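Hi everyone, thanks for coming.

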Amino acid sequence: FDEEQYHLSSIHPETVNIYVEGPTSALNRIPTSEYSIVADLSGLTEGSHEVTLIADSFPYGVNVTLEPSTVQVTIERMETKQFDVLIETTGTPAEGLRAGVPVANPARVHATVPEGRLNEIHSIRVQVMIQGASDTITREVKLEAYDANGQIMDGVIISPSIVSVEVPITPPLRSVPLQINLTGRLPGGLSVADVSTDIQYITIYGPQEVIDRMDFYEGLSIDLSTITEDTTVTLEVPLNNEITNVEPNEVEVSIDVEPTVHRTFSEVPIRMIGETEDTEIELTEPENGTVSITVGGAARLVNRLTAGDVQVILDVSNITPGSYVLPLRVNLPRYISLIAADELRAGVTVTEVAEEA
């Protein structure tokens, strides 16, 4: 029968009695292992069938009687479903190394079982031992079908039954943003409009305690003093602070430049930070509590600035009662520079808040 589409689920009875009759010389010629009793299932499809048995390879002159002379067979249709290959690793790699995500090729296979058993298949998987491994493991493995209880299932045809598995063994790794440092100044009259990279994140390899401390990766810099127009450069990513490898090891950086324009923001309010409930702080100078600021940068950036993008900060953290003149700090968006401003100082009077009676 067609074993790709059907499955022989039962045959009853499984054994028969054979009675042979004939001359002694003929009976003595009956081989002990070569004869067979055949149930011919050719052309049968799903269902129950009564099949007449055939005695085969008996010598001439021997009369063979079978008891019973027929058997009852049940044939079921096969069902097929595609499954992802799951790879389980056991053990741990060599000290200081980690196992990456295992990959199977092919990643999906077909499982075929008799009709009604398809839902019993929970997964198609294989276990790979990585204990003490110091390099990437690549091997051919045989797949097994498992039920929901984690038991290997019999009678499941998996195609292909053997796949190639790769388990990367590498130092600890982490993906972090890449930071480009700009040094020097553009020639007069030019400003940076944009700096972009072909990648935003980089994968770093190294000791776990080292990469855990890195929120971003630095060490790449571009000298703006050599740039006079839109420029694209390729930088090699250095290995810093015990980092053993980086991927990728090169980054392409594009720098857009434009003529510098200026813009003035009048009456930018001074924002105090660091105030506490124990003191009361009065801003005495400037009287109106604002500062005039002139900024410069590429036209596309300066023209879309809002009042909220330009901040003047007065830090009064840990200040004690008294009168002070304190510096002001100007916070500006990236690639925007301070051109001119009123005197960046402020006078304050600090008094202690009286306790309520």
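Tyr-35 is partly exposed, at a relative accessible area of 29%, whereas Phe-58 is buried, at 17%. Here buried means under 20% relative accessible area, exposed over 50%, and partly exposed in between, with a 1.4 Å probe and protein chains only. A word on the source: this is a predicted model, where local features need pLDDT of at least 70, side-chain atom pairs count only at pLDDT 80 or more, and totals for chains, interfaces and linings use all residues. Residues are numbered from 1 along each chain as its sequence is written, and side-chain values use heavy atoms, with hydrogens and water left out.

Searching the whole structure gives 1 aromatic pair. Its rings, Tyr-35 and Phe-58, have centres 4.8 Å apart and planes at 35 degrees, so the pair counts as tilted. The rule: rings of Phe, Tyr and Trp (its six-membered ring) pair if their centres lie within 6.5 Å, with planes under 30 degrees apart stacked, over 60 edge-to-face and the rest tilted.

What sits over the ring of Tyr-146? The charged end of Arg-125 does, 3.8 Å from the ring centre. For that we ask that NZ of Lys or CZ of Arg be within 6 Å of the ring centre and within 35 degrees of the ring normal.

Now the sheet. Four strands form an open sheet in the order E19-E16-E18-E21, with mixed pairing. Strands are DSSP runs of at least two E residues, numbered from the N terminus, and two strands pair if DSSP finds at least two bridges between them. E18 (residues 201-205) and E21 pair antiparallel over 3 bridges, and Ile-204 has Val-246 in E21 as its bridge partner.
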